[in-house]
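Here is a friendly walk through a structure, meant to be read with the 3D view open beside you. Keep the viewer handy and pick out each residue as it comes up.

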Amino acid sequence: MTIAVIDYGMGNLHSVAKALEHVTHENVIITRDPRCIRGATRLVLPGQGAIRDCMGELERTDLRGLVQDLLARQDKPLLGICVGQQMLLDRSEENGGIDCLGFLAGDVKRFPADMRDDFDHRLKVPHMGWNLAHQHHVHPLWEGIDQDEHFYFVHSYYVAATDDATVFGTTDYGRVTAHVAIGRDATFAVQFHPEKSSRAGLRLLENFVNWAP
Amino acid sequence: MGLAKRIIPCLDVDAGRVVKGVNFIGIRDAGDPVEIAQRYNQQGADEITFLDITASHEDRDTTVGMVERIAGEVFIPLTVGGGIRSCDDIRTMLNAGADKVSINTAAVTNPDFVHEASERFGSQCIVVAIDAKKVSAEGEPDRWEIFTHGGRRPTGLDAVEWAKKMVEYGAGELLLTSMDRDGTKVGFDLGVTLAISEAVSVPVIASGGVGNLDHLVEGVTKGGADAVLAASIFHFGEYTIPEAKRYMAERGIEMRL
């Protein structure tokens, strides 16, 4: 039983690995070795920074084909986090427009710059901090987590999926409703950082480790 | 309902021990950063900032070990600041489990470092610490300047312009400390907080001068801060984090309770 955190060179993977190790006795590895990734029982696809760099590094490390193949098969659970969620969509507006993996129908859009809060102060982009995840559909990964629980976010772009059946959670920021939990079959992906979201985040990771889709 | 404003307790750490002392209600704490971070986490702190004030290089390894231990136990964002001068320093802290690093003096001496760091590690983990002091005289339009070396050395840099520049260079967040308020307990400098918060797109953490819970409220409602950082009011048990959060929520501020 091995959980592989896919390391294609983007972002800090230690937090994710440490949080997984906290909720399971299974072997957690950070790897870019295709054999290890194929041999793992579960996969985590993280992502930080600009999507052009993430997609670029996925190509450069020859992992894009492998990830796309694994997404097509759906024979083991995969958890996407942050840009690892955004990459599953068709296309992102970021960096002048980037084609993504196209596993789920929809786009990744930028938060508007002109939003104001209740005190008429500027609403910041990135959307950074703790916000509520509204559970839109029931899913095994939400088990034991309260409706409208706080999770930790850091992102300037958000997912707008086109198929309601793939949307499992939403979060409001200004006038935007972002699709912060999406998925189908054995894939689930979140915009927030479960590894930094205290008890609720650890519960989601535990649910992922126990998930048998 | 929406994005919560954050409360961030700050630990000043020297050679692996929290200095300035910490005194939670009923507990005299000798200053183990891991225990203190855990306790703040249990109290519902939204993030933890770990400020390394260790002077010697040898003792810095102790700090890395501390960051590793905190990151293995506390699953909320952890920012490490103090003496971050190179991309190697950043990598060391991120590998130890920090989520963000705070760059202070090195940003002033070499602004390109902020650019390089954000390109390499992503803006989301680069916090630029800004130490500002009011320099305008009574009756003049407000003006604040950047100071280094604990507020002793002026730089001639205008604080608002500097904040804008740091965001252009890739800072993902600003930690704004009012040097003339720090330690005074008379409240944040709301003028500079609001001026910078309105001038930049990224979140601003207000710091320096908190003496009571109304100061935290004002930081958000009048200063436009996205987060408030405090040390002594929590360390010495004057207020607990849940108390501060409830107080702010009762005044209409979105909090994670």
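Leaving aside residues up to four places away in sequence, I90(B) touches I84(B), V101(B), I103(B), F113(B), A117(B), F121(B) and I126(B). Contact here means heavy atoms within 4.5 Å. A second, separate nonpolar core has 76 residues, and M87(A), L89(A), W142(A) and A200(A) are among them. Such a core is a set of buried Ala, Val, Leu, Ile, Met, Phe, Trp, Tyr and Cys residues joined through side-chain atoms within 4.5 Å. Buried means under 20% relative accessible area, exposed means over 50%, and partly exposed lies in between (1.4 Å probe, protein chains only).

I90(B) itself belongs to the largest nonpolar core, which has 77 residues; together with L174(B), I196(B) and L216(B), I90(B) touches the most other members. The element that gives the most to this core is helix α6 (residues 159-168) of chain B, with six residues.

## How to read the model

This is a predicted model, in which local features need pLDDT of at least 70 and side-chain atom pairs count only at pLDDT 80 or more, while totals for chains, interfaces and linings use all residues. Residues are numbered from 1 along each chain as its sequence is written, chains are lettered from A and ligands numbered from 1 in the order in which they are written, and side-chain values use heavy atoms, with hydrogens and water left out.

## Parallel strands in chain B

Helices (H or I, at least four residues) and strands (E, at least two) are DSSP runs, numbered from the N terminus. Two strands pair if DSSP finds at least two bridges between them. Strand β1 (residues 6-14) of chain B pairs with β5(B) in the parallel sense over four bridges, and L11(B) stands opposite F50(B) in β5(B). Four bridges also join β5(B) to β6(B), again running parallel, with L51(B) opposite G81(B) in β6(B). Is strand β5 (residues 48-52) of chain B largely enclosed, or open? Four of its five residues are buried, so β5(B) is largely enclosed by the rest of the structure.

Next comes the pairing of strand β6 (residues 78-81) of chain B with β7(B), which is parallel and has three bridges. Here T79(B) stands opposite K100(B) in β7(B). In a regular strand the side chains alternate between the two faces of the sheet. Strand β7 (residues 100-103) of chain B has K100(B) and S102(B) pointing one way and V101(B) and I103(B) the other way, and all are buried.

Chain A has an open sheet of four strands in the order β6-β5-β7-β10, with mixed pairing. At its edges stand β6 (98-99) and β10 (157-161) of chain A, each with a single partner strand, so one side of each is left without a neighbour in the sheet. Strand β5 (residues 91-92) of chain A runs antiparallel to β6(A), and two bridges join them. In this pair, S92(A) stands opposite I98(A) in β6(A).

## A buried alanine and some backbone details

A181(A) sits in strand β12 (residues 176-184) of chain A. With a relative accessible area of 0%, A181(A) is buried. Its contacts, not counting residues up to four places away in sequence, are Q85(A), W142(A), T166(A), V167(A), F168(A), G169(A), F188(A), A189(A) and V190(A).

For the backbone, which peptide bond is cis? The bond from V125(A) to P126(A) is cis, with omega near 15°, and P126(A) is found in the loop between β7 (106-110) and β8 (127-135) of chain A. Q74(A) is not a glycine, yet its phi is positive, near 55°; this residue lies in the loop between α4 (64-73) and β4 (78-81) of chain A and counts as buried at 15% relative accessibility. D148(A), also not a glycine, has a positive phi of about 55°. D148(A) is in the loop between β8 and β9 (149-155) of chain A and counts as partly exposed at 36% relative accessibility.
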